[in-house]
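Biologist: Before we use any of these labels, could you take me through what each one rests on?

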Amino acid sequence: MIARRSLVLLWLLVGVVTVADVLEAQPVAPAARRPNILVILTDDQRWDALGVVQREQGEGALFPWLRTPNLDRLAAEGARFSNAFVTTSLCSPSRASFLSGRYARRHQVLNNFTEYPDDLPSYPRRLQQAGYETAYIGKWHMGEDNDAQRPGFDHWMSHRGQGNYFDNEFNIDGTRRRIDGYYTTVVTDHAVQWIGRTHAKPWLLVLGQKAPHGGPIQPEPRFARAFDDAPVRTPVNYDSYRAADGKPAWLEQSLDTWHGAKGPLYDLKQHDAFVRTYLATLLSVDDSVGRVYEALRASGQLDDTVIVFTSDNGFVLGEHGRVDKRTMYEASIRVPLLVRYPRLVKAGTVVPQMVLSHDLAPSLVAIGGASPLADVSGRSFLPLLSGAAADWRTAFLYEYNYEKQFPYTPNVRGVRTDRWKLIRYPHGDGSPDRFTAELYDLQQDPHELRNLIADPAHAARRRALEALFEQVSREAGPDRMPVYDGIVNVRPVH
(Lines give C-alpha, C1' and ligand atoms only; values in the text may rest on other atoms or scores of the structure.)
Protein backbone atom coordinates (compact mmCIF):
# COMPACT_ATOMS: atom_id res chain seq x y z
CA MET A 1 0.00 0.00 0.00
CA ILE A 2 2.85 2.38 0.89
CA ALA A 3 4.65 1.58 -2.35
CA ARG A 4 1.48 2.13 -4.38
CA ARG A 5 0.85 5.51 -2.71
CA SER A 6 4.44 6.56 -3.40
CA LEU A 7 4.07 5.62 -7.06
CA VAL A 8 0.84 7.58 -7.38
CA LEU A 9 2.44 10.68 -5.83
CA LEU A 10 5.37 10.33 -8.24
CA TRP A 11 2.98 10.19 -11.19
CA LEU A 12 1.27 13.34 -9.95
CA LEU A 13 4.53 15.21 -9.56
CA VAL A 14 5.81 14.39 -13.03
CA GLY A 15 2.45 15.13 -14.62
CA VAL A 16 1.74 11.62 -15.94
CA VAL A 17 -1.70 11.71 -14.37
CA THR A 18 -3.95 14.36 -12.87
CA VAL A 19 -5.56 14.38 -9.45
CA ALA A 20 -8.89 13.65 -11.15
CA ASP A 21 -7.36 10.61 -12.91
CA VAL A 22 -6.01 9.26 -9.63
CA LEU A 23 -9.25 9.80 -7.77
CA GLU A 24 -11.24 8.09 -10.51
CA ALA A 25 -8.86 5.12 -10.50
CA GLN A 26 -8.71 4.66 -6.71
CA PRO A 27 -11.24 2.62 -4.75
CA VAL A 28 -13.59 4.66 -2.63
CA ALA A 29 -12.09 4.42 0.87
CA PRO A 30 -11.37 6.89 3.67
CA ALA A 31 -7.67 7.09 2.76
CA ALA A 32 -8.54 7.96 -0.85
CA ARG A 33 -11.23 10.51 0.00
CA ARG A 34 -11.16 13.60 -2.15
CA PRO A 35 -9.63 16.63 -0.45
CA ASN A 36 -11.57 19.31 1.31
CA ILE A 37 -11.16 22.73 -0.29
CA LEU A 38 -10.91 26.02 1.58
CA VAL A 39 -10.81 29.25 -0.44
CA ILE A 40 -10.04 32.46 1.47
CA LEU A 41 -10.81 35.55 -0.61
CA THR A 42 -9.85 39.03 0.56
CA ASP A 43 -11.08 42.25 -1.06
CA ASP A 44 -8.59 44.68 -2.66
CA GLN A 45 -5.39 43.08 -1.35
CA ARG A 46 -2.44 43.94 -3.57
CA TRP A 47 0.05 41.19 -4.42
CA ASP A 48 2.90 42.56 -2.31
CA ALA A 49 0.83 43.04 0.87
CA LEU A 50 2.43 39.91 2.28
CA GLY A 51 5.37 39.76 4.65
CA VAL A 52 7.12 37.14 2.53
CA VAL A 53 7.00 39.37 -0.56
CA GLN A 54 8.21 42.43 1.32
CA ARG A 55 11.22 40.49 2.60
CA GLU A 56 11.91 39.21 -0.88
CA GLN A 57 11.94 42.75 -2.27
CA GLY A 58 14.66 43.84 0.13
CA GLU A 59 15.65 47.50 -0.22
CA GLY A 60 12.89 48.05 -2.78
CA ALA A 61 10.12 47.08 -0.37
CA LEU A 62 7.45 49.73 0.19
CA PHE A 63 6.51 48.52 3.67
CA PRO A 64 9.28 46.19 4.94
CA TRP A 65 7.81 46.33 8.43
CA LEU A 66 4.69 44.38 7.40
CA ARG A 67 4.49 40.97 9.08
CA THR A 68 1.99 38.29 8.04
CA PRO A 69 3.28 35.13 9.75
CA ASN A 70 0.25 32.94 9.10
CA LEU A 71 0.08 33.80 5.43
CA ASP A 72 3.84 33.36 5.16
CA ARG A 73 3.42 29.89 6.67
CA LEU A 74 1.00 28.95 3.87
CA ALA A 75 3.61 30.06 1.35
CA ALA A 76 6.39 28.17 3.16
CA GLU A 77 4.36 24.97 3.44
CA GLY A 78 2.89 25.19 -0.06
CA ALA A 79 3.14 27.27 -3.22
CA ARG A 80 3.23 30.99 -3.89
CA PHE A 81 2.30 32.20 -7.37
CA SER A 82 4.58 35.17 -8.01
CA ASN A 83 2.71 36.29 -11.12
CA ALA A 84 -0.99 35.96 -10.37
CA PHE A 85 -3.35 38.44 -12.05
CA VAL A 86 -6.97 39.42 -12.37
CA THR A 87 -8.34 40.21 -15.81
CA THR A 88 -10.74 42.87 -14.56
CA SER A 89 -9.61 44.79 -11.47
CA LEU A 90 -13.07 45.41 -10.05
CA CYS A 91 -14.75 43.42 -7.30
CA SER A 92 -17.89 41.86 -8.79
CA PRO A 93 -16.56 41.13 -12.30
CA SER A 94 -13.42 39.61 -10.83
CA ARG A 95 -15.33 37.49 -8.32
CA ALA A 96 -17.49 36.18 -11.15
CA SER A 97 -14.33 35.26 -13.08
CA PHE A 98 -13.00 33.33 -10.08
CA LEU A 99 -16.30 31.43 -9.84
CA SER A 100 -16.92 30.80 -13.54
CA GLY A 101 -13.48 30.54 -15.13
CA ARG A 102 -14.44 33.17 -17.74
CA TYR A 103 -13.52 36.68 -18.79
CA ALA A 104 -16.00 39.35 -17.69
CA ARG A 105 -17.29 39.85 -21.22
CA ARG A 106 -18.29 36.18 -21.22
CA HIS A 107 -19.91 35.93 -17.79
CA GLN A 108 -21.48 39.41 -18.18
CA VAL A 109 -21.00 40.61 -14.60
CA LEU A 110 -19.54 43.87 -15.86
CA ASN A 111 -19.97 46.13 -12.82
CA ASN A 112 -20.47 46.03 -9.05
CA PHE A 113 -24.26 46.04 -9.27
CA THR A 114 -24.89 42.89 -11.31
CA GLU A 115 -25.89 39.48 -9.96
CA TYR A 116 -23.99 36.34 -10.85
CA PRO A 117 -26.36 34.69 -13.36
CA ASP A 118 -28.32 31.80 -11.82
CA ASP A 119 -27.84 29.69 -14.94
CA LEU A 120 -24.07 30.26 -15.18
CA PRO A 121 -22.00 27.25 -14.05
CA SER A 122 -19.47 27.78 -11.26
CA TYR A 123 -16.93 25.68 -9.42
CA PRO A 124 -19.06 25.51 -6.21
CA ARG A 125 -22.06 24.20 -8.15
CA ARG A 126 -19.95 21.69 -10.04
CA LEU A 127 -18.30 20.43 -6.84
CA GLN A 128 -21.70 20.27 -5.12
CA GLN A 129 -22.99 18.17 -8.03
CA ALA A 130 -19.94 15.93 -7.63
CA GLY A 131 -20.79 15.18 -4.01
CA TYR A 132 -19.14 17.99 -2.06
CA GLU A 133 -20.77 19.69 0.91
CA THR A 134 -20.49 23.41 0.16
CA ALA A 135 -20.58 26.61 2.21
CA TYR A 136 -20.12 30.34 1.69
CA ILE A 137 -19.31 32.57 4.67
CA GLY A 138 -18.66 36.31 4.37
CA LYS A 139 -18.65 38.91 1.64
CA TRP A 140 -20.29 37.82 -1.63
CA HIS A 141 -20.56 41.23 -3.32
CA MET A 142 -22.57 40.49 -6.44
CA GLY A 143 -26.00 42.08 -6.31
CA GLU A 144 -26.00 45.05 -3.94
CA ASP A 145 -29.46 44.58 -2.42
CA ASN A 146 -29.67 40.81 -2.27
CA ASP A 147 -28.45 38.67 0.62
CA ALA A 148 -30.31 35.51 -0.44
CA GLN A 149 -28.58 32.15 -0.52
CA ARG A 150 -27.00 31.63 -3.94
CA PRO A 151 -27.08 28.44 -6.01
CA GLY A 152 -24.27 26.00 -5.33
CA PHE A 153 -24.10 26.36 -1.54
CA ASP A 154 -25.57 24.08 1.11
CA HIS A 155 -24.74 26.57 3.86
CA TRP A 156 -24.87 30.36 3.48
CA MET A 157 -23.86 33.28 5.68
CA SER A 158 -23.63 36.63 3.92
CA HIS A 159 -25.17 40.09 3.70
CA ARG A 160 -26.24 42.79 1.30
CA GLY A 161 -23.67 44.80 -0.64
CA GLN A 162 -20.32 45.80 0.80
CA GLY A 163 -21.08 45.12 4.44
CA ASN A 164 -19.53 47.13 7.26
CA TYR A 165 -16.37 46.60 9.26
CA PHE A 166 -18.54 46.52 12.40
CA ASP A 167 -21.96 45.12 13.36
CA ASN A 168 -23.60 43.53 10.33
CA GLU A 169 -26.90 41.85 9.60
CA PHE A 170 -26.23 38.43 8.08
CA ASN A 171 -28.54 36.08 6.25
CA ILE A 172 -27.73 32.66 7.72
CA ASP A 173 -29.50 29.96 5.72
CA GLY A 174 -32.55 32.17 5.27
CA THR A 175 -32.68 33.75 8.72
CA ARG A 176 -31.43 37.32 9.14
CA ARG A 177 -29.53 38.09 12.31
CA ARG A 178 -27.49 41.08 13.43
CA ILE A 179 -24.11 40.05 14.79
CA ASP A 180 -22.12 42.73 16.54
CA GLY A 181 -18.37 42.75 16.33
CA TYR A 182 -15.51 43.24 13.87
CA TYR A 183 -16.20 41.71 10.47
CA THR A 184 -13.07 39.57 10.18
CA THR A 185 -13.57 38.10 13.64
CA VAL A 186 -17.27 37.39 13.12
CA VAL A 187 -16.91 35.48 9.85
CA THR A 188 -13.84 33.63 11.16
CA ASP A 189 -15.75 32.53 14.27
CA HIS A 190 -18.46 31.09 12.03
CA ALA A 191 -15.96 29.44 9.68
CA VAL A 192 -14.14 27.77 12.57
CA GLN A 193 -17.45 26.46 13.93
CA TRP A 194 -18.45 25.13 10.51
CA ILE A 195 -15.09 23.39 9.96
CA GLY A 196 -15.47 21.71 13.36
CA ARG A 197 -18.78 20.11 12.44
CA THR A 198 -19.05 16.45 11.45
CA HIS A 199 -18.76 16.26 7.65
CA ALA A 200 -19.85 13.04 5.99
CA LYS A 201 -18.58 14.20 2.61
CA PRO A 202 -15.59 16.17 1.36
CA TRP A 203 -16.34 19.87 1.66
CA LEU A 204 -15.78 23.23 0.00
CA LEU A 205 -15.77 26.39 2.10
CA VAL A 206 -15.34 29.86 0.59
CA LEU A 207 -14.51 32.46 3.25
CA GLY A 208 -15.00 35.99 1.89
CA GLN A 209 -13.27 38.72 3.90
CA LYS A 210 -14.14 42.41 3.66
CA ALA A 211 -10.63 43.67 4.43
CA PRO A 212 -8.79 45.62 3.24
CA HIS A 213 -11.56 47.23 1.14
CA GLY A 214 -12.10 50.91 1.73
CA GLY A 215 -14.84 53.50 1.95
CA PRO A 216 -13.95 53.83 4.86
CA ILE A 217 -11.08 51.50 5.79
CA GLN A 218 -11.35 50.54 9.48
CA PRO A 219 -8.82 48.31 11.25
CA GLU A 220 -9.78 46.19 14.21
CA PRO A 221 -9.28 48.29 17.38
CA ARG A 222 -6.47 46.08 18.71
CA PHE A 223 -4.49 46.73 15.49
CA ALA A 224 -5.59 50.31 14.81
CA ARG A 225 -2.28 51.83 15.95
CA ALA A 226 -0.01 48.92 15.08
CA PHE A 227 1.88 50.85 12.41
CA ASP A 228 1.84 54.35 13.89
CA ASP A 229 5.64 54.45 14.05
CA ALA A 230 6.25 52.68 10.75
CA PRO A 231 7.84 54.82 8.01
CA VAL A 232 5.74 55.00 4.83
CA ARG A 233 7.64 55.37 1.60
CA THR A 234 6.25 57.23 -1.37
CA PRO A 235 6.17 54.89 -4.38
CA VAL A 236 8.84 55.72 -6.96
CA ASN A 237 6.07 56.19 -9.55
CA TYR A 238 3.86 58.38 -7.33
CA ASP A 239 4.38 61.40 -9.63
CA SER A 240 4.17 59.38 -12.84
CA TYR A 241 0.85 60.81 -13.98
CA ARG A 242 1.66 63.92 -16.02
CA ALA A 243 0.63 64.20 -19.65
CA ALA A 244 3.81 66.22 -20.26
CA ASP A 245 5.76 63.06 -19.36
CA GLY A 246 3.89 60.89 -21.84
CA LYS A 247 1.07 59.67 -19.62
CA PRO A 248 -2.60 59.73 -20.70
CA ALA A 249 -4.27 63.00 -19.75
CA TRP A 250 -7.04 61.34 -17.75
CA LEU A 251 -4.58 60.47 -14.95
CA GLU A 252 -3.89 64.12 -14.24
CA GLN A 253 -7.57 64.97 -14.61
CA SER A 254 -8.50 62.45 -11.91
CA LEU A 255 -5.77 63.43 -9.44
CA ASP A 256 -8.12 65.27 -7.03
CA THR A 257 -10.99 62.79 -7.24
CA TRP A 258 -12.00 60.01 -4.85
CA HIS A 259 -9.59 57.68 -6.67
CA GLY A 260 -6.77 60.21 -7.06
CA ALA A 261 -3.71 60.42 -4.82
CA LYS A 262 -4.35 64.12 -4.20
CA GLY A 263 -8.01 63.55 -3.34
CA PRO A 264 -9.59 62.78 0.05
CA LEU A 265 -7.91 59.33 0.27
CA TYR A 266 -11.14 57.74 1.45
CA ASP A 267 -11.38 60.57 4.00
CA LEU A 268 -8.01 59.73 5.56
CA LYS A 269 -6.44 62.89 4.01
CA GLN A 270 -2.76 61.90 4.38
CA HIS A 271 -0.99 59.31 2.24
CA ASP A 272 0.92 57.74 5.15
CA ALA A 273 -2.25 57.38 7.24
CA PHE A 274 -4.00 55.81 4.24
CA VAL A 275 -1.27 53.20 3.77
CA ARG A 276 -0.99 52.35 7.47
CA THR A 277 -4.76 51.96 7.84
CA TYR A 278 -5.05 49.79 4.74
CA LEU A 279 -2.30 47.44 5.92
CA ALA A 280 -3.54 47.32 9.53
CA THR A 281 -6.75 45.60 8.41
CA LEU A 282 -4.62 42.77 7.05
CA LEU A 283 -3.31 41.96 10.52
CA SER A 284 -6.80 40.73 11.37
CA VAL A 285 -6.90 38.72 8.15
CA ASP A 286 -3.56 37.10 8.98
CA ASP A 287 -4.84 36.27 12.46
CA SER A 288 -7.96 34.76 10.86
CA VAL A 289 -5.83 32.54 8.62
CA GLY A 290 -4.00 31.33 11.71
CA ARG A 291 -7.26 30.51 13.49
CA VAL A 292 -8.65 28.59 10.53
CA TYR A 293 -5.36 26.74 10.10
CA GLU A 294 -5.46 25.71 13.75
CA ALA A 295 -9.10 24.58 13.44
CA LEU A 296 -8.11 22.32 10.56
CA ARG A 297 -5.12 20.97 12.48
CA ALA A 298 -7.08 20.37 15.68
CA SER A 299 -9.82 18.49 13.79
CA GLY A 300 -7.32 16.32 11.91
CA GLN A 301 -8.24 17.82 8.53
CA LEU A 302 -5.23 20.04 7.82
CA ASP A 303 -3.31 17.91 5.34
CA ASP A 304 -6.54 16.64 3.77
CA THR A 305 -7.57 20.20 2.87
CA VAL A 306 -6.49 22.27 -0.11
CA ILE A 307 -6.08 25.83 1.22
CA VAL A 308 -6.21 28.61 -1.36
CA PHE A 309 -5.63 32.24 -0.39
CA THR A 310 -6.14 35.04 -2.89
CA SER A 311 -7.86 38.40 -3.48
CA ASP A 312 -10.47 39.68 -5.91
CA ASN A 313 -8.12 42.38 -7.25
CA GLY A 314 -5.08 44.43 -6.38
CA PHE A 315 -4.93 47.96 -5.01
CA VAL A 316 -3.00 51.11 -5.82
CA LEU A 317 -1.42 53.06 -2.94
CA GLY A 318 -0.36 56.22 -4.75
CA GLU A 319 1.31 54.73 -7.82
CA HIS A 320 0.73 56.92 -10.90
CA GLY A 321 -1.19 59.42 -8.80
CA ARG A 322 -3.92 56.88 -8.04
CA VAL A 323 -5.57 55.07 -5.16
CA ASP A 324 -8.14 52.26 -5.53
CA LYS A 325 -7.77 49.81 -8.47
CA ARG A 326 -9.46 49.59 -11.93
CA THR A 327 -6.35 50.57 -13.91
CA MET A 328 -4.06 48.13 -15.73
CA TYR A 329 -0.98 49.16 -13.76
CA GLU A 330 0.78 46.35 -11.92
CA ALA A 331 -0.35 47.20 -8.38
CA SER A 332 -3.95 47.04 -9.58
CA ILE A 333 -3.92 43.77 -11.51
CA ARG A 334 -1.52 41.61 -9.48
CA VAL A 335 -2.91 39.61 -6.55
CA PRO A 336 -1.56 37.21 -3.93
CA LEU A 337 -2.17 33.53 -4.62
CA LEU A 338 -1.09 30.84 -2.16
CA VAL A 339 -1.93 27.13 -2.27
CA ARG A 340 -1.18 24.66 0.52
CA TYR A 341 -1.81 20.95 -0.02
CA PRO A 342 1.18 18.81 0.99
CA ARG A 343 -0.17 15.70 -0.77
CA LEU A 344 0.42 17.48 -4.07
CA VAL A 345 2.47 20.64 -3.49
CA LYS A 346 6.08 20.65 -2.39
CA ALA A 347 6.78 23.07 0.46
CA GLY A 348 8.33 26.36 -0.62
CA THR A 349 7.28 26.11 -4.27
CA VAL A 350 7.29 29.40 -6.21
CA VAL A 351 5.32 29.36 -9.48
CA PRO A 352 6.51 32.05 -11.93
CA GLN A 353 4.02 31.53 -14.77
CA MET A 354 1.19 34.02 -15.39
CA VAL A 355 -1.84 32.58 -13.62
CA LEU A 356 -5.20 34.34 -13.90
CA SER A 357 -8.36 34.77 -11.83
CA HIS A 358 -10.28 32.55 -14.23
CA ASP A 359 -7.81 29.68 -13.69
CA LEU A 360 -9.14 29.04 -10.19
CA ALA A 361 -12.43 27.41 -11.21
CA PRO A 362 -10.97 24.76 -13.55
CA SER A 363 -8.20 24.07 -11.03
CA LEU A 364 -10.56 23.41 -8.12
CA VAL A 365 -12.94 21.36 -10.24
CA ALA A 366 -9.99 19.21 -11.32
CA ILE A 367 -8.61 18.70 -7.83
CA GLY A 368 -12.10 17.80 -6.61
CA GLY A 369 -12.42 15.13 -9.29
CA ALA A 370 -15.51 16.75 -10.83
CA SER A 371 -16.44 17.01 -14.50
CA PRO A 372 -14.73 19.98 -16.21
CA LEU A 373 -16.63 23.22 -16.65
CA ALA A 374 -17.55 23.97 -20.27
CA ASP A 375 -16.73 27.15 -22.17
CA VAL A 376 -14.10 28.44 -19.76
CA SER A 377 -11.22 30.72 -20.72
CA GLY A 378 -9.12 29.69 -17.72
CA ARG A 379 -6.91 26.62 -17.34
CA SER A 380 -6.13 24.34 -14.44
CA PHE A 381 -2.89 25.41 -12.79
CA LEU A 382 -2.38 21.99 -11.14
CA PRO A 383 0.43 21.01 -13.57
CA LEU A 384 2.34 24.13 -12.53
CA LEU A 385 2.28 23.00 -8.92
CA SER A 386 4.36 19.98 -9.88
CA GLY A 387 6.81 21.98 -11.97
CA ALA A 388 5.37 21.34 -15.42
CA ALA A 389 5.81 24.46 -17.53
CA ALA A 390 5.13 23.33 -21.08
CA ASP A 391 2.45 24.97 -23.19
CA TRP A 392 1.37 27.65 -20.72
CA ARG A 393 -0.11 31.01 -21.73
CA THR A 394 2.18 33.79 -22.92
CA ALA A 395 -0.34 36.67 -22.88
CA PHE A 396 -3.69 37.71 -21.47
CA LEU A 397 -6.39 40.32 -21.98
CA TYR A 398 -7.26 43.03 -19.47
CA GLU A 399 -10.62 44.85 -19.55
CA TYR A 400 -12.36 47.45 -17.40
CA ASN A 401 -15.59 49.32 -18.24
CA TYR A 402 -16.21 52.96 -17.32
CA GLU A 403 -18.71 53.38 -14.48
CA LYS A 404 -21.01 56.39 -14.12
CA GLN A 405 -21.21 55.74 -10.36
CA PHE A 406 -17.40 55.98 -10.13
CA PRO A 407 -16.45 58.37 -12.96
CA TYR A 408 -12.72 58.46 -12.28
CA THR A 409 -11.35 55.92 -14.78
CA PRO A 410 -12.08 55.56 -18.53
CA ASN A 411 -12.62 52.30 -20.38
CA VAL A 412 -9.40 50.27 -20.24
CA ARG A 413 -8.32 47.51 -22.60
CA GLY A 414 -4.90 45.95 -22.92
CA VAL A 415 -2.66 42.96 -23.29
CA ARG A 416 0.17 41.79 -21.03
CA THR A 417 2.92 39.29 -21.75
CA ASP A 418 5.68 38.17 -19.40
CA ARG A 419 7.67 41.24 -20.45
CA TRP A 420 5.49 43.74 -22.32
CA LYS A 421 2.28 45.61 -21.65
CA LEU A 422 0.07 47.60 -24.03
CA ILE A 423 -2.76 49.69 -22.54
CA ARG A 424 -5.53 51.42 -24.53
CA TYR A 425 -8.41 53.68 -23.51
CA PRO A 426 -11.24 53.13 -26.04
CA HIS A 427 -13.99 55.73 -26.11
CA GLY A 428 -16.67 53.06 -26.44
CA ASP A 429 -18.47 54.28 -29.56
CA GLY A 430 -16.08 52.93 -32.16
CA SER A 431 -14.34 56.28 -32.66
CA PRO A 432 -10.56 56.67 -32.21
CA ASP A 433 -9.18 56.51 -28.68
CA ARG A 434 -9.12 59.94 -27.00
CA PHE A 435 -6.19 59.23 -24.67
CA THR A 436 -2.57 58.32 -25.26
CA ALA A 437 -1.97 54.59 -25.24
CA GLU A 438 0.80 53.15 -23.07
CA LEU A 439 3.58 50.67 -23.84
CA TYR A 440 5.93 49.37 -21.16
CA ASP A 441 8.93 47.08 -21.05
CA LEU A 442 8.30 45.50 -17.65
CA GLN A 443 11.70 43.86 -17.58
CA GLN A 444 13.56 47.16 -17.89
CA ASP A 445 10.88 49.36 -16.34
CA PRO A 446 8.92 47.41 -13.68
CA HIS A 447 7.44 50.61 -12.22
CA GLU A 448 5.97 51.65 -15.59
CA LEU A 449 7.65 55.04 -15.62
CA ARG A 450 8.60 55.37 -19.29
CA ASN A 451 5.81 55.17 -21.84
CA LEU A 452 7.35 53.83 -25.07
CA ILE A 453 4.24 54.16 -27.22
CA ALA A 454 5.66 57.02 -29.33
CA ASP A 455 9.27 55.79 -29.36
CA PRO A 456 10.29 54.97 -32.98
CA ALA A 457 12.70 52.37 -31.70
CA HIS A 458 9.71 50.37 -30.39
CA ALA A 459 7.36 50.87 -33.35
CA ALA A 460 7.63 47.23 -34.42
CA ARG A 461 6.99 46.06 -30.86
CA ARG A 462 3.94 48.31 -30.70
CA ARG A 463 2.52 46.84 -33.90
CA ALA A 464 3.15 43.31 -32.68
CA LEU A 465 1.38 43.98 -29.38
CA GLU A 466 -1.53 45.68 -31.14
CA ALA A 467 -1.94 42.54 -33.25
CA LEU A 468 -1.66 40.38 -30.13
CA PHE A 469 -4.28 42.50 -28.39
CA GLU A 470 -6.69 41.99 -31.28
CA GLN A 471 -6.06 38.26 -31.10
CA VAL A 472 -6.66 37.84 -27.35
CA SER A 473 -9.68 40.15 -27.53
CA ARG A 474 -11.17 38.14 -30.38
CA GLU A 475 -10.58 34.89 -28.50
CA ALA A 476 -12.26 36.30 -25.39
CA GLY A 477 -15.46 37.09 -27.30
CA PRO A 478 -17.56 40.13 -28.33
CA ASP A 479 -16.70 43.32 -26.47
CA ARG A 480 -19.60 45.56 -25.47
CA MET A 481 -18.31 48.55 -23.57
CA PRO A 482 -20.06 51.72 -22.40
CA VAL A 483 -19.26 55.14 -23.84
CA TYR A 484 -16.78 57.09 -21.74
CA ASP A 485 -18.49 60.15 -20.26
CA GLY A 486 -15.58 61.99 -18.67
CA ILE A 487 -13.78 62.32 -15.35
CA VAL A 488 -16.09 63.91 -12.76
CA ASN A 489 -14.92 65.00 -9.31
CA VAL A 490 -17.89 63.87 -7.22
CA ARG A 491 -18.34 61.64 -4.21
CA PRO A 492 -19.03 58.06 -5.35
CA VAL A 493 -22.60 56.79 -5.56
CA HIS A 494 -22.95 53.44 -3.75
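Biologist: What makes D312 count as buried or exposed?

Modeller: This is a predicted model, in which local features need pLDDT of at least 70 and side-chain atom pairs count only at pLDDT 80 or more, while totals for chains, interfaces and linings use all residues. Residues are numbered from 1 along each chain as its sequence is written, and side-chain values use heavy atoms, with hydrogens and water left out. Buried means under 20% relative accessible area, exposed over 50%, and partly exposed in between, with a 1.4 Å probe and protein chains only. D312 has a relative accessible area of 0%, so D312 is buried.

Biologist: Why is the pair of D312 and R95 called a salt bridge?

Modeller: The term requires a side-chain nitrogen of Lys or Arg within 4 Å of a carboxyl oxygen of Asp or Glu, and the closest N and O atoms of D312 and R95 are 3.0 Å apart. D312 lies in the loop between strand 9 (305–311) and strand 10 (316–317), and R95 in helix 5 (residues 91–100), so the pair ties together parts that are 217 residues apart in sequence; helices (H or I, at least four residues) and strands (E, at least two) are DSSP runs, numbered from the N terminus. R95, at a relative accessible area of 3%, is buried. By this rule the count comes to 43 salt bridges.

Biologist: Why is helix 4 called oblique to helix 10?

Modeller: The axes of helix 4 (residues 69–77) and helix 10 (residues 271–298) come within 7 Å and cross at roughly 55 degrees, where axes are lines fitted to C-alpha atoms, for helices over the stretch in contact, and angles run from 0 to 180 degrees between N-to-C directions. Angles under 35 degrees count as roughly parallel, over 145 as roughly antiparallel, 65 to 115 as roughly perpendicular and the rest as oblique, and therefore helix 4 is oblique to helix 10.

Biologist: Which residues of helix 4 make the contact?

Modeller: With contact meaning heavy atoms within 4.5 Å, helix 4 contributes P69, N70, L71, R73, L74 and E77.
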